[in-house]
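Biologist: I have a few questions about this one. Can we go through it together?

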Amino acid sequence: MMAKLFRAVIMGPPGSGKGTISERIAQSFGLKHLSSGDFLRENIAANTEAGVLAKTYIERGLMVPDHVMTRLLLPRLEEMTRHSWLMDGFPCTLTQAKALNSTCDLDLVISLNIPYETLKDRLSDRWIHPASGRVYNMGFNPPRVQGRDDLSGEPLIQHDNDQPEALVARLRHYKDVAKPVIDLYKSKGILHTFSGTETDKIWPYINSLLSTKIPSRPETDTQHIPLP
Ligand SMILES: Nc1ncnc2c1ncn2[C@@H]1O[C@H](COP(=O)(O)OP(=O)(O)OP(=O)(O)O)[C@@H](O)[C@H]1O
Ligand SMILES: Nc1nc2c(ncn2[C@@H]2O[C@H](COP(=O)(O)OP(=O)(O)O)[C@@H](O)[C@H]2O)c(=O)[nH]1
């Protein structure tokens, strides 16, 4: 008999730890980590029609319009009917959430609630490998060689919109667009909110919640068959 599929979304403001926690969930539970930012970067690199269009927005520090995001992501999700996944960065708006709703039933939504001061400190110290989207933080998870990506050795960069001057506007925007999405998931009874200032302290709570929903994948278990 086929194991039940598991579909989850992780939400939170910029710098709340979505990418960091998604990686931990993917490792511990064998879910595929899907990231809207990674999909966009892949499409930009491959020069697809949607990628070319998306690039014009991202370069200006703007959100990509809903119809571009849904055209890009929903077909990819439809291809994954036999897989369990965790989506990071999508949906961001109510329109995106409704479009996702019409494609699949979510089992769980994780919402990260992190104080502004913490976000500001983390993001001003966030370094990114632009080609892959890998992120580092000089205190929390520094690269092995300063200023260089661990895997490719290529230079790391900082985004202007991670600096405190841009952050206030980004957060305000996040709050406005995310609120109806959070309300929607709350009304469906699938929203779980985690608050705190340190990922390492939040992680055990997320881990134990997920352990009640999906079988865990011990790191030492090399024979493990990942979730479908
Ligand atoms: N669901 C989405 N809707 C609209 N635009 C999106 C969406 N997801 C990503 N984007 C666009 O792609 C860009 C890169 O996304 P990505 O998630 O990698 O980084 P980010 O903006 O630094 O987000 P965060 O700071 O939350 O990690 C975003 O700045 C935005 O322009
Ligand atoms: N100091 C500190 N940095 C963290 C913590 N958790 C994540 N980070 C860093 O904060 C930045 C934002 O995290 P990220 O996972 O990219 O968040 P996202 O924008 O929500 O995807 C990155 O540079 C992370 O390495 C934490 O608990 N403490």
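This is a predicted model: local features need pLDDT of at least 70, side-chain atom pairs count only at pLDDT 80 or more; totals for chains, interfaces and linings use all residues.

Biologist: Where is Ser-36 placed?
Modeller: Ser-36 is in helix 2, which covers residues 36-45.

Biologist: And what is Ser-36 in contact with, leaving aside its neighbours within four places in sequence?
Modeller: Met-69, Leu-73, Gly-89 and Phe-90.

Biologist: Which residues does the UniProt "binding site" annotation cover?
Modeller: The UniProt entry, which is unreviewed, puts that annotation on Ser-36, Arg-41, Gln-96 and Arg-170.

Biologist: Take Arg-170, then. Where is it placed?
Modeller: Arg-170 is in helix 7. Arg-170 counts as partly exposed, because it has 18 C-beta neighbours inside 10 Å, and buried would take 20 or more.

Biologist: What does Arg-170 touch, not counting residues up to four places away in sequence?
Modeller: Pro-14 and Asn-161.

Biologist: On to helix 7 itself. What should its 24 residues span, and how far apart are the end C-alpha atoms?
Modeller: Helix 7 runs over residues 164-187, and at 1.5 Å a residue it should span 34 Å. The end C-alpha atoms are 33 Å apart, which agrees.

Biologist: Where does the kink in helix 7 lie?
Modeller: At Ala-178, shortly before the proline Pro-180. The kink is about 40°.

Definitions and conventions:
Residues are numbered from 1 along each chain as its sequence is written. Chains are lettered from A and ligands numbered from 1 in the order in which they are written. Helices (H or I, at least four residues) and strands (E, at least two) are DSSP runs, numbered from the N terminus. The expected span of a helix is 1.5 Å times one less than its number of residues. The bend at a residue is the angle between axes fitted to the seven residues ending there and the seven starting there. UniProt positions are given in the numbering used here, feature names are shortened, and annotations may be inferred rather than shown by experiment. Two residues are in contact if their C-beta atoms, placed from the backbone, lie within 7 Å. A residue is buried if 20 or more other C-beta atoms lie within 10 Å of its own, exposed if 12 or fewer, and partly exposed in between; C-beta atoms are placed from the backbone.
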